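Work through the exercises below with the coordinates open beside you, and try each task before reading its solution.

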Amino acid sequence: MEIKHKIWLEIGGRVVFGPGRDILFKAINECHSLNAAAKKLDMSYRAAWGRVKASEQRLGMKLVENDPGRSGMHLTTTAQKLIRAFDRLDDEISGVLEEAKRNLS
C-alpha cells in the first residue's frame with residue numbers, strides 16, 4: 001500500500017511554489033541559465049520564464065538575478081531559502097505519511 005501526496009504553496013488561489021517550480025529553480029541554480037534549465041527540463045523558455053515571473057510577482061520579490069558582467073543567472077538568497085523550506089516541508093510530510101503507512105500495515 002502507498003500513500004501519495006503533493007503539496008504546493010498558493011497566494012489568492014494561484015500557485016507560488018510547488019514540485020515543478022522546485023525542480024525548475026534547482027535546474028536554474030545548477031545550469032546558471034534559464035534557457036539551459038528549460039532545455040534540461042524539456043520545457044520552453046517562455047513557459048519557464050512565465051513560471052519564474054509569476055512566482056516573483058505573487059511573492060513580491062526577486063527569485064532570480066542576472067549575473068553581473070556575464071550571461072547567466074543565479075538564485076537570490078530568498079529563492080534558496082524558499083527551496084530549502086519547501087524541501088523540508090515535503091520531507092516532513094513524507095515522514096508523517098511513511099509512519100502512517102507502517103501503522104496501517
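This is a predicted model: local features need pLDDT of at least 70, side-chain atom pairs count only at pLDDT 80 or more; totals for chains, interfaces and linings use all residues.

**Exercise 1.** Determine how many helices and strands the protein has, and in which order its elements run.

*Solution.* Begin with the count, which gives four helices and four strands. Next, follow the elements from the N terminus on, where they run β-β-α-α-α-β-β-α. The overall extent can then be taken along the principal axes, and the C-alpha atoms fill a box of roughly 55 × 30 × 25 Å. Finally, turn to burial and contact range: buried residues make up 28% of the 105 residues, and among contacts between residues at least 6 apart in sequence, 47% join residues at least 24 apart.

**Exercise 2.** Check what span the 13 residues of helix 1 should have, and find which residues of this helix are buried.

*Solution.* For burial, apply the cut-off of under 20% relative accessible area, which selects Arg21, Asp22, Leu24, Phe25, Ala27 and Ile28. A helix has 3.6 residues a turn, so residues three or four places apart point the same way. The buried residues of helix 1 pack against several elements, including helix 2 (34–40), helix 3 (45–59) and strand 3 (64–66). After the helix comes His32, whose phi is positive, near 60°.

**Exercise 3.** Identify which residues have the most contacts inside the largest nonpolar core, and which elements give two or more residues to this core.

*Solution.* The largest nonpolar core has 20 residues, and within it Phe25 and Ile28 have the most contacts. The elements that give two or more residues to this core are strand 2, helix 1, helix 2, helix 3, strand 4 and helix 4. To see the surroundings of Ile28, leave aside its neighbours within four places in sequence; its contacts then include Leu34, Ala37, Val52, Val64 and Leu75.

**Exercise 4.** Decide whether Thr76 is buried or exposed, and find which backbone oxygen its side chain reaches.

*Solution.* Locate Thr76 in the loop between strand 4 (73–75) and helix 4 (77–104). Its relative accessible area is 8%, so Thr76 is buried. The side chain of Thr76 reaches the backbone oxygen of Lys62 at 3.0 Å. Beyond its neighbours within four places in sequence, Thr76 is in contact with Lys62, Leu63, Val64 and Glu65.

Methods
Residues are numbered from 1 along each chain as its sequence is written. Side-chain values use heavy atoms; hydrogens and water are left out. Buried means under 20% relative accessible area, exposed over 50%, partly exposed in between (1.4 Å probe, protein chains only). A polar contact is a pair of N or O atoms within 3.5 Å; within protein, one must be able to donate a hydrogen and the other to accept it, and residues adjacent in sequence count only if both atoms are side-chain atoms. Contact means heavy atoms within 4.5 Å. The expected span of a helix is 1.5 Å times one less than its number of residues. A nonpolar core is a set of buried Ala, Val, Leu, Ile, Met, Phe, Trp, Tyr and Cys residues joined through side-chain atoms within 4.5 Å.
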